[in-house]
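Dear colleague,

Please find the structure below, together with its sequence. A short account of the findings follows it.

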Amino acid sequence: MAQLTGLTFGGNTWTPKFAQEIDLEKCIGCGRCFKICGHNVLSLKALNEDGEFVEDEDDDEIERKVMVIANPENCIGCEACARICSKNCYTHAALTN
């Protein structure tokens, strides 16, 4: 099975690992990953006390906010989001064909 690889500036082989999932139980919605990602992959979403997403963010039933992978097609596999996450919320995987 083929795997996507690249080269670093120093000529070393590098395998990008793309964001697959964010553990919503661990995520505290701090936004550090959102700030570090320059590719519009992530978005902050509101949850109610039942753990369901709330569309109207002005609604009083918002319990907390969490990060979600809104545009996975924009991920370049750098894993910067996982490296900056203090709660270890991210799951990444290499692209295989």
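**Strand pairing and surface charge**

In this predicted model, β4 and β5 form a hairpin with four residues between them, and Gly-51 in the turn has a positive phi of about 80 degrees. Strands here are DSSP runs of E with at least two residues, and helices are runs of H or I with at least four, numbered from the N terminus. Two strands pair if DSSP finds at least two bridges between them.

β4 pairs with strand β5 (residues 53–54) in the antiparallel sense over two bridges; the partner of Ala-46 in β5 is Val-54. The pairing of β4 with β6 is also antiparallel, over seven bridges, and there Asn-48 has Ile-62 as its bridge partner.

Glu-63 lies in strand β6 (residues 62–69). Glu-63 has a relative accessible area of 52% and is therefore exposed (exposed is over 50%, buried under 20%, partly exposed in between; 1.4 Å probe, protein chains only). Cys-37, in the loop between α1 (32–36) and β4 (42–48), is partly exposed because its relative accessible area is 23%. Between Cys-37 and Asp-60 there are 23 residues in sequence and 30 Å in space, C-alpha to C-alpha.

Numbering runs from 1 along each chain as its sequence is written. Local features need pLDDT of at least 70 and side-chain atom pairs count only at pLDDT 80 or more, while totals for chains, interfaces and linings use all residues; side-chain values use heavy atoms, without hydrogens and water.

Yours sincerely
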